Amino acid sequence: MESLRFIHAADLHLDSPFRGIGSASAALKQRLQSATLGALRRVVDHTIESKADFLVIAGDIYDSKDRNLRALVSFRHEMQRLAERNIPVFIVHGNHDPLNGWGSGFQLPPNVVTFGGQADTEPFIRHGREIAQITGISYTRERVTDNLASSLKPADGAPYSIAVLHANVGHQSGHADYAPATVAELTASGFDYWALGHVHTRSVLSEEPAMIVYPGNTQGRNPREAGPRGCYQIDVDTHGRAHLEFLETNIARWMHLELSITNMNTMDQLVDSMLEKAREAQMSFDGVTVARCTIRGNGAVHRDLQRDQMNQELAEVLGSVLVAESVRIGTGPELDFQSLAHTETMVSDFLRLTERALEDPEMRQRLADSLAPLFRRRDMPCVDDARMRDWIERASALGLDLLLDS
């Protein structure tokens with residue numbers, strides 16, 4: 001086969017609200033609110049600059065069923081830039097931007113192929129030769145619980161076959177179980193590459209016999225979407241082997257700043273440590289860094305941290321270096337935990353229980369399962385393990401304080 005290069009992006013969520021920027025200036029708020037649009041521009045820039053054959057977008061281009069007009073206009077503008085260079089775009093729609101939403105009929109340039117509610121296949125032709133086939137299917141409504149992957153079949157004799165799908169593959173936590181499928185189903189399908197969307201953290205679920213890839217979202221929009229965000233460039237060689245390169249596209253990058261008061265004796269030590277870490281984070285990224293700072297541990301500074309409004313005051317200090325989403329305090333007093341844990345008291349029982357919860361993933365999963373009905377009622381994704389650990393640690397510090405003060 002002939003070599004091939006394409007870009008795989010997903011979950012653009014254009015013009016999605018940017019959370020946690022209340023302390024930012026008006027100009028910075030405007031810049032951050034446009035970050036998802038800027039991330040799309042970077043995807044298109046790289047598609048052009050890398051001389052990619054085509055772009056694939058695997059759903060949730062928009063943030064809601066009824067599209068935002070600014071998002072529609074921005075997306076059309078970027079697609080027109082690709083049209084002027086004869087670069088095709090293959091897109092599917094997901095649960096946030098199903099085909100039955102307002103604005104779905106907004107006219108796009110002819111280089112954009114939008115897959116409908118039934119599985120369909122489009123060829124990619126280069127210099128009169130078929131180089132690849134792209135198969136996809138869109139959501140016709142917001143909540144799709146059918147296994148859409150089973151309806152996608154590669155054509156016989158395709159030089160290179162790509163499936164485009166917005167789905168939860170492998171029942172991944174933290175995301176609604178829409179269009180559920182298993183990795184085994186996808187690897188057995190016969191496709192060479194599965195271009196997935198829906199899960200916002202990038203991951204490669206399989207490399208052989210098929211590449212199964214989530215690129216993650218192109219711009220983090222809240223503290224749960226920390227770290228670099230972007231898309232993948234896929235280079236397929238003449239033997240049909242795919243080579244992936246991650247491309248960071250985010251205009252702003254979320255980060256978690258973790259501090260411990262253990263072995264700290266004064267507030268100035270804590271402040272200096274916080275500012276040093278914040279400067280390091282800001283210097284590592286040529287853009288806007290938005291941070292959530294969590295202070296943990298047990299030590300002498302704990303009492304000072306219990307003063308009213310201390311978290312807001314620390315957030316103002318942190319905001320002198322970068323955008324501070326919040327400062328969260330989950331500390332405890334300076335204690336001999338080993339001695340306490342071995343006494344026959346309610347405090348020791350509590351400490352042993354929280355320690356067990358932090359060490360036992362099955363126990364954390366049972367806790368998450370017990371909360372699942374509440375999250376379903378609020379139409380929210382289930383809590384993931386990292387978030388559950390964070391809640392347990394914070395509950396441990398708060399519970400210990402309450403027990404020792406009683």
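Where does Pro 209 lie? In this predicted model, Pro 209 is found in the loop that runs between β9 and β10. I begin there, colleagues, on account of the backbone. Glu 208 and Pro 209 are joined by a cis peptide bond, with omega at about -5°. Most peptide bonds, by contrast, are trans.

Let me turn to the sheet on either side of that loop. Six strands make up an open sheet, and their order is β5-β6-β7-β8-β10-β9. The pairing within the sheet is mixed. The edges are held by β5, residues 120-126, and β9, residues 203-206; each has a single partner strand, so one side of each is left without a neighbour in the sheet. From one strand to the next, the twist averages 20°.

Within this sheet, I would draw your attention to one pair. Strand β8, residues 193-197, runs parallel to strand β10, residues 211-214, and the two pair over three bridges. Among the residues involved, Trp 194 has Ile 212 in β10 as its bridge partner.

I now come to the helices. How far apart are the axes of α2 and α3? The distance is 10 Å, and helix α2 (residues 35-49) packs against helix α3 (residues 69-83) at an angle of about 10°. An angle under 35 degrees counts as roughly parallel, and α2 and α3 are therefore roughly parallel to each other.

Which residues make this contact? From α2 come Leu 37, Leu 40, Arg 41, Val 44, Asp 45, Thr 47 and Ile 48. They meet Arg 70, Ser 74, Phe 75, Glu 78, Met 79, Arg 81 and Leu 82 of α3.

Finally, I return to the backbone, and to two loop residues. Most residues other than glycine have a negative phi. Asp 15, however, has a positive phi, near 65°. Asp 15 is placed in the loop between β1 (4-9) and α1 (26-33). Asn 86 also has a positive phi, near 60°, and belongs to the loop between α3 and β3 (89-92).

Are these two residues buried or exposed? Asp 15 has a relative accessibility of 13% and therefore counts as buried, the cut-off for that class being under 20%. Asn 86, at 68% relative accessibility, counts as exposed, for which the value must be over 50%.

Thank you for your attention.

Conventions
Residues numbered from 1 in each chain as written. Predicted model: local features only at pLDDT ≥ 70, side-chain atom pairs only at ≥ 80, totals over all residues. Heavy atoms only, no water. Pairing = 2+ DSSP bridges. Helix = DSSP H or I, 4+ residues; strand = E, 2+ residues; numbered from the N terminus. Axes fitted to C-alpha atoms, helices over the stretch in contact; angles between N-to-C directions. Parallel < 35°, antiparallel > 145°, perpendicular 65-115°, else oblique. Contact = heavy atoms within 4.5 Å. Buried < 20%, exposed > 50% of the residue type's maximum accessible area, 1.4 Å probe, protein only.
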